[in-house]
Amino acid sequence: MAPVLLVPMIIVMALAAFHRVSHSGCNSTLKALKDGLRLSFTLDGTEMNARKTTLLEAFPVDLRTVKNRFRLDADTTTYAACPDCDEIFAPTMKNGI
């Protein structure tokens with residue numbers, strides 16, 4: 001993976017994990033970083049070439065994409081908890097749902 005893509009993804013993962021930045025906040029950060037990269041590609045006075053275009057297309061704009069690329073997406077199970085006795089109940093499936 002190109003460092004120009006890897007570094008922003010690490011930054012956003014750190015924001016989410018260590019600073020509790022929300023999902024939408026991380027997405028906004030990714031979009032801003034992508035806009036900054038696009039701007040840096042055009043400010044030098046050269047034309048957008050195939051490599052620059054490919055990098056911009058591969059740049060993630062969603063935290064879920066970043067987690068997926070780092071293989072950090074987890075399977076979760078939601079349990080129900082009784083508010084009176086705090087007993088936890090495993091989910092039951094009805095009609096496949």
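This is a predicted model: local features need pLDDT of at least 70, side-chain atom pairs count only at pLDDT 80 or more; totals for chains, interfaces and linings use all residues.
Me: How do you know whether Cys26 is buried or exposed?
Reply: Its relative accessible area is 0%. With a 1.4 Å probe and protein chains only, buried means under 20%, exposed over 50%, and partly exposed in between, so Cys26 is buried. Buried residues make up 22% of the 97 residues in the protein chain.

Me: Why is Asn49 called partly exposed?
Reply: Asn49 has 37% relative accessibility, so it counts as partly exposed. Asn49 sits in the loop between helix H2 (23-43) and helix H3 (50-58).

Me: What makes the phi of Arg20 worth a look?
Reply: Phi of Arg20 is near 55 degrees, a positive value in a residue other than glycine. Arg20 belongs to the loop between helix H1 (3-18) and H2. With a relative accessible area of 77%, Arg20 is exposed.

Me: Why does Asp86 count as exposed, and where does it lie?
Reply: The relative accessibility of Asp86 is 60%, so it counts as exposed. Asp86 lies in the loop between strand S1 (80-81) and strand S2 (88-89). Its phi is positive too, about 65 degrees, although Asp86 is not a glycine.

Me: How many helices and strands does the protein chain have, and what makes a run count as one?
Reply: There are four helices and two strands. Both are DSSP runs numbered from the N terminus: helices are H or I with at least four residues, strands are E with at least two. Their order from the N terminus is α-α-α-α-β-β.

Me: How does the radius of gyration of the protein chain stand against a compact globule of 97 residues?
Reply: The protein chain has 20 Å, whereas such a globule would be near 13 Å. The radius is taken over C-alpha atoms, and the globule rule is 2.2 Å times the number of residues to the power 0.38. Along the principal axes, the C-alpha atoms fill a box of roughly 65 × 30 × 20 Å.

Key: Residues are numbered from 1 along each chain as its sequence is written. Side-chain values use heavy atoms; hydrogens and water are left out.
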